[in-house]
Amino acid sequence: MAEGELHIEHLHKAYGDHVVLDDINLVVEPGEVVVVIGPSGCGKSTLLRCINGLEQIQGGRILLDGEVVDGASKDIAALRAKLGMVFQSYELFPHKTVLENVTLAPTVVQKRPKEEVEAEAMTLLERVGLADRAKDFPRQLSGGQKQRVAIARALAMKPEILLLDEITAALDPEMVHEVLDVILGLAREGKTMIIVTHEMGFARAVADRIIFIDEGAIVEEAAPADFFDHPQTERAQKFLRTFEYEK
Amino acid sequence: MAEYLPLYVQAFWLTLRIGLVGIFGSILIGLIVAMVVHFKVPVLKQIAGAYVELFRNTPLLIQLFFMYFALPRMGVPITAEACGMLGLALLGGAYMAESFRSGLEAVESIQFESALALGMTRAQLMRHVVLPQAVTLSIQSFVANIIFLLKETSVFSAISLMDLMFVAKDLIGLYYKTTECLVLLVIFYLIMILPVSILGTYVERRLRHGSFGPAGA
């Protein structure tokens, strides 16, 4: 199996009797950008959390490069290092500077030499337009800047797949663009990504494939143009109408 | 009064040495106990809880007496100095544990997840992400504990350690210069504790409410 190939087979996730995800099957090829959309509470964020083992699953299996992802296993840390995750609420480490946030995991987890990691981190910060803020602490940054640092931090681990969990949902509208531009750039470079978002314009622009989830199941799966222009199912049509306004 | 000074200085270093070792030990014990309680480690959690209650609810003097007089009879030989250090570490550990535990509770669980998602192991994320934040969040009670422990060193003379209090009492007994000897005692304690207090206030101000870096965006 190629590097960065993700297989999800019959994934079942429940909290007690409450089923969150039911029989999810999904294959993500290297270089592919998959955008997961759906109503709030449909289970799309939970899906991302299952993929890197932050949530235990009750059935099925998730394979990354042919290895089983199991949150309870001893080897989970090594698998997670191959999966970069960016959270809605950034979750930078408040006691570390911007640069230290980016260098911490490569030095601690991958045990790479500090000078090399720092040079790479500066390149990444430059790419997200924040090289001049390297010495600042997260609290001195705006939300959009924090999220760009979080992206640089995830990239510093050179992950095979990037998982983005509603990364603009907590941002002021004028900051959404600066963050999404970074992601569009990554997509153009062929970075494998699974993106959960409510930004439909962005989803359409960035996705190779749209996965529409409702009530814990994949309802529709299509190329972006097909999905947004000709949604096949009634549920997808209804969902897409919620983004339209009429006077 | 000048002729007493060397005795005071000697006692000052002894008191400070026991104080520092004791405080260092209390931080170690406190961190371990706080984690055991916070992560609800079975069995150890109950032991840790009992330890905290025992040492927080009995006077240091009695704890010291117990260690100094009872332990040797139970076949554990212990010097007065080791007794002082151990006593302070155990007493302080109980207080530090409570303060670190409240700090740990204040670190949001999604910070754990964000460190896990980067591939860190539990030990790595505790050391690099969670504990530094927990200690910062508990800095106020942490500094208060250090000052409290340094003050508690004044009971060491009870187990025949020649600390500051011992020297002062000794000199008063010999020369009846009560006021002078007590003034010196106060001065030496101020020399020991005031810098901690000032430094603590400074650090607290910088790290208020667990926020990091200079104020303002």
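Helices here are DSSP runs of H or I at least four residues long, numbered from the N terminus. The model is predicted, and by that rule B:Phe69 is found in helix 3 of chain B, which covers residues 60-73.

Chain B is a helical chain, with nine helices and zero strands. Read from the N terminus, its elements run α-α-α-α-α-α-α-α-α. Its C-alpha atoms fill a box of roughly 70 × 50 × 25 Å along the principal axes. Of the 217 residues in chain B, 45% are buried. Among contacts in chain B with a separation of 6 or more, 77% join residues 24 or more positions apart. The chain exposes about 11,200 Å², and carbon and sulfur atoms supply 70% of that area.

Part of this exposed surface belongs to a nonpolar patch made of B:Leu61, B:Ile62, B:Phe65 and B:Phe69, with about 360 Å² of accessible area together. B:Phe69 counts as partly exposed because its relative accessibility is 46%. The spacing of such residues can be read against the helix repeat. An α-helix has 3.6 residues a turn, so residues three or four places apart point the same way.

The next topic is the interface with chain A. Here 23 residues of chain B are in contact with 27 residues of chain A. The area buried between the two chains is about 2,200 Å², of which carbon and sulfur atoms give 63%. Seven residue pairs are in polar contact across the interface, counting pairs with both residues at pLDDT 80 or more. On the side of chain B that touches chain A, helix 5 (109-117) and helix 6 (122-137) of chain B each supply at least two residues. Helix 5 of chain B gives the largest share of that side, seven residues.

The rule finds one salt bridge across this interface. In that kind of contact the side chains of B:Glu113 and A:Arg49 meet, at 2.7 Å from N to O. The two residues also belong to a salt-bridge network that links A:Lys13, A:Arg49, A:Glu55 and B:Glu113.

Chain B also takes part in covering an element of chain A. Helix 3 of chain A, residues 98-108, is mostly covered, with nine of its eleven residues buried. The buried residues are A:Val98, A:Leu99, A:Asn101, A:Val102, A:Thr103, A:Leu104, A:Ala105, A:Pro106 and A:Val108. Their cover includes helix 4 (114-127) and helix 5 (143-155) of chain A, together with helix 6 of chain B.

In the loop between helix 3 and helix 4 of chain A lies A:Lys111. Its phi is near 55°, a positive value in a residue other than glycine. Most residues other than glycine have a negative phi. A:Lys111 is exposed, with a relative accessible area of 62%. B:Tyr176 is found in the loop between helix 8 (164-175) and helix 9 (178-206) of chain B, and at 69% relative accessibility it counts as exposed.

A:Thr192, by contrast, is buried, at 5% relative accessibility. This residue lies in strand 8 of chain A, residues 192-196. A polar atom of the A:Thr192 side chain lies 2.7 Å from the backbone nitrogen of A:Gly31. Leaving aside residues up to four places away in sequence, A:Thr192 touches A:Gly4, A:Val28, A:Glu29, A:Pro30, A:Gly31, A:Glu32, A:Glu160, A:Ile161 and A:Leu162.

Over all chains, a search of the whole structure finds 22 salt bridges. One of chain A's pairs is A:Arg148 with A:Glu178, whose closest N and O atoms are 3.0 Å apart. This pair links distant parts of the chain, with A:Arg148 in helix 5 and A:Glu178 in helix 6 (residues 173-188) of chain A, 30 residues apart. A:Arg148 is buried, with a relative accessible area of 10%, whereas A:Glu178 is partly exposed at 26%.

The side chains of A:Asp229 and A:Arg204 also meet in a salt bridge, at 2.9 Å from N to O. A:Asp229 lies in helix 8 (residues 224-229) and A:Arg204 in helix 7 (residues 200-206) of chain A, so the pair ties together parts that are 25 residues apart in sequence. A:Asp229 is partly exposed at 43% relative accessibility, and A:Arg204 is partly exposed at 36%.

Methods: Residues numbered from 1 in each chain as written. Chains lettered and ligands numbered in written order. Heavy atoms only, no water. Patch = residues over 30% accessible without salt bridge, like charges linked within 9 Å, V, L, I, M, F, W, Y side chains within 5 Å. Areas by Shrake-Rupley, 256 points an atom, 1.4 Å probe, with all protein chains shown as cover. Salt bridge = Lys/Arg side-chain N within 4 Å of Asp/Glu carboxyl O. Buried < 20%, exposed > 50% of the residue type's maximum accessible area, 1.4 Å probe, protein only. Contact = heavy atoms within 4.5 Å. Buried area = accessible area lost by both parts, 1.4 Å probe. Polar contact = N/O pair within 3.5 Å; in protein donor to acceptor, adjacent residues only side chain to side chain.
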